[in-house]
2 protein chains.
Amino acid sequence: MLYFEDLTPGRVFELGSVSPTADEIVEFATRFDPQPFHTDPQAARASHFGGLIASGWHTCAMFMRLLVDGMVADAASMGSPGMDEVRWLAPVRPDDVLTGTFVIVDAVPSRSKPDRGVIRSECRMTNQDGVTVLTMKGIGMYGRRPA
Amino acid sequence: MLYFEDLTPGRVFELGSVSPTADEIVEFATRFDPQPFHTDPQAARASHFGGLIASGWHTCAMFMRLLVDGMVADAASMGSPGMDEVRWLAPVRPDDVLTGTFVIVDAVPSRSKPDRGVIRSECRMTNQDGVTVLTMKGIGMYGRRPA
């Protein structure tokens, strides 16, 4: 189990990869972000994107799944108060292979709650061509190691 | 159709409401954010959250759906480069009734692309008790009205 004390600045977690199918892109967007360039391959081709692209929220959600499988599931996660500077830097297209990285940049014990601390991170997802498609400045709360 | 020129600072869009069921919360999180307080009602009860709560990404995605239905579907949306300061301020629990508001705070024509402009917004979602559960500083690109 990873506790706050283990999540030291500079530590890097390589999170592995995920690859969304066209069907998954359309399914997510139909439910949560039904804009034609996310849900309709023909309309997407006619748009300035030139083809179907994933909802940015789908991209964030795929990153989160990589982060849970690659780190959070083994950590004393206590949730998150939010994220800063979510950036969708390049389109995510069907069958792209997206690889996640999580780098810890700051770790501060909570002043009000001695059982936890706040971890700040740089989150990144790149595609199979090495193009960064997503960056986020993450904030997460993690339990401190029991005495 | 709403164009960039129609999206003037101060304009408010009331986006209506959405209410996630426990099954929907578990389904989303099982796929994208499988932490026990999002996927397992019993484990969630034993956690510091005291019961099942929605993934923050699910909350963002539900907001996006309200935004598309309430504004974006009728606008010349050209996608988004990202969001600033996503804040999950209070837990979202099963059957909460979440109401969205979108307020335009800034509108700047693109310098490099004369066919579009950038809209900055304050996004908010409140629950049935008037508690704000989500705020975001949004960034969106919208097409300019054809000459």
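## A tour of the two chains

Begin in this predicted model by selecting Trp57(A), Met71(A), Trp57(B) and Met71(B), which, of the 81 residues in the largest nonpolar core, touch the most other members.

Next, keep Met71(A) selected and show the residues around it. Leaving aside residues up to four places away in sequence, Met71(A) touches Leu2(A), Leu7(A), Phe13(A), Phe102(A) and Tyr142(A).

Now select helix H4 of chain A, residues 56-70, together with helix H1 of chain B, residues 22-32, whose axes come within 8 Å and cross at roughly 65 degrees. Because angles of 65 to 115 degrees count as roughly perpendicular, H4(A) and H1(B) are therefore described as roughly perpendicular to each other. To see what lies in this contact, show the side chains of His58(A), Ala61(A), Met62(A), Met64(A) and Arg65(A) in H4(A), which meet Phe28(B), Thr30(B), Arg31(B) and Phe32(B) in H1(B).

Finally, turn to the whole of chain A and chain B. Chain B is superposed on chain A by a rotation of 180 degrees with 0.0 Å of shift along its axis, and the RMSD is 0.0 Å. The two copies are thus related as by a two-fold rotation axis. To find where chain B comes nearest to that axis, select the C-alpha of Asp84(B), which is the nearest C-alpha in chain B and lies 2.7 Å from the axis.

How values were computed
Residues numbered from 1 in each chain as written. Chains lettered and ligands numbered in written order. Predicted model: local features only at pLDDT ≥ 70, side-chain atom pairs only at ≥ 80, totals over all residues. Heavy atoms only, no water. Axes fitted to C-alpha atoms, helices over the stretch in contact; angles between N-to-C directions. Helix = DSSP H or I, 4+ residues; strand = E, 2+ residues; numbered from the N terminus. Parallel < 35°, antiparallel > 145°, perpendicular 65-115°, else oblique. Contact = heavy atoms within 4.5 Å. Core = buried A, V, L, I, M, F, W, Y, C linked by side-chain atoms within 4.5 Å. Buried < 20%, exposed > 50% of the residue type's maximum accessible area, 1.4 Å probe, protein only. Least-squares fit on C-alpha atoms with pLDDT ≥ 70 in both.
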